[in-house]
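Here are a few exercises to work through with the model open in your viewer. Try each one before you read its solution.

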Amino acid sequence: MKLSDIQWKKWRLVTVHMQIRIEEANKKLKTGEFEKAKKIFSELLDISPENLELISGYYIASYWDNRLDKIL
C-alpha cells in the first residue's frame, strides 16, 4: 500500500511532532519534573498506545513521581 503525498506529509508531521515531545518529556525526567513528563508520555500514548519507548517513559516517570517524597 502506497501513501499519497498528503498522507506521507501528515504522517511525517505527526512523527516529527512526537519526536519533539518525546525529547521534551525526557528533559523533564532529567530535571526531576516527573509529573510533567508523565503527562506528556500519557498524551503521546493516546496517539500511539503500542509504542514501547512511550510505555517505558510513562512507567519511569510514574515510578519516580510516586517516589518523589522519598528522594527529597
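**Exercise 1.** In which helix is the place of Ala61?

*Solution.* Ala61 belongs to helix 3, residues 52–66; helices here are DSSP runs of H or I with at least four residues, numbered from the N terminus. Before going on, note that this is a predicted model, where local features need pLDDT of at least 70, side-chain atom pairs count only at pLDDT 80 or more, and totals for chains, interfaces and linings use all residues. Residues are numbered from 1 along each chain as its sequence is written, and side-chain values use heavy atoms, with hydrogens and water left out.

**Exercise 2.** How do helix 1 and helix 2 pack?

*Solution.* Two packed helices are described by the angle between their axes and the distance between the axes. For helix 1 (residues 5–30) and helix 2 (residues 34–47), the angle is about 155° and the axes are 8 Å apart. That makes the two helices roughly antiparallel (over 145 degrees; under 35 is roughly parallel, 65 to 115 roughly perpendicular, the rest oblique). Among the residues making the contact are Met18, Ile22 and Leu29 of helix 1, plus Phe34, Ile40 and Leu44 of helix 2. Sort the contact residues by type and you get ten nonpolar, one polar and five charged.

**Exercise 3.** How many aromatic pairs does a search of the whole structure find?

*Solution.* The search turns up three, pairing Phe, Tyr and Trp rings (for Trp, the six-membered one) with centres within 6.5 Å; planes under 30 degrees apart are stacked, over 60 edge-to-face, the rest tilted. Take Tyr63 and Trp64: their ring centres are 5.0 Å apart and the planes sit at 85°, so this pair is edge-to-face. Tyr63 is partly exposed at 43% relative accessible area, and Trp64 is partly exposed at 33%. Finally, ring pairs join Phe34, Tyr63 and Trp64 into a cluster.

Terms used
Axes fitted to C-alpha atoms, helices over the stretch in contact; angles between N-to-C directions. Contact = heavy atoms within 4.5 Å. Nonpolar A, V, L, I, M, F, W, Y, C, P; charged D, E, K, R; others polar. Buried < 20%, exposed > 50% of the residue type's maximum accessible area, 1.4 Å probe, protein only.
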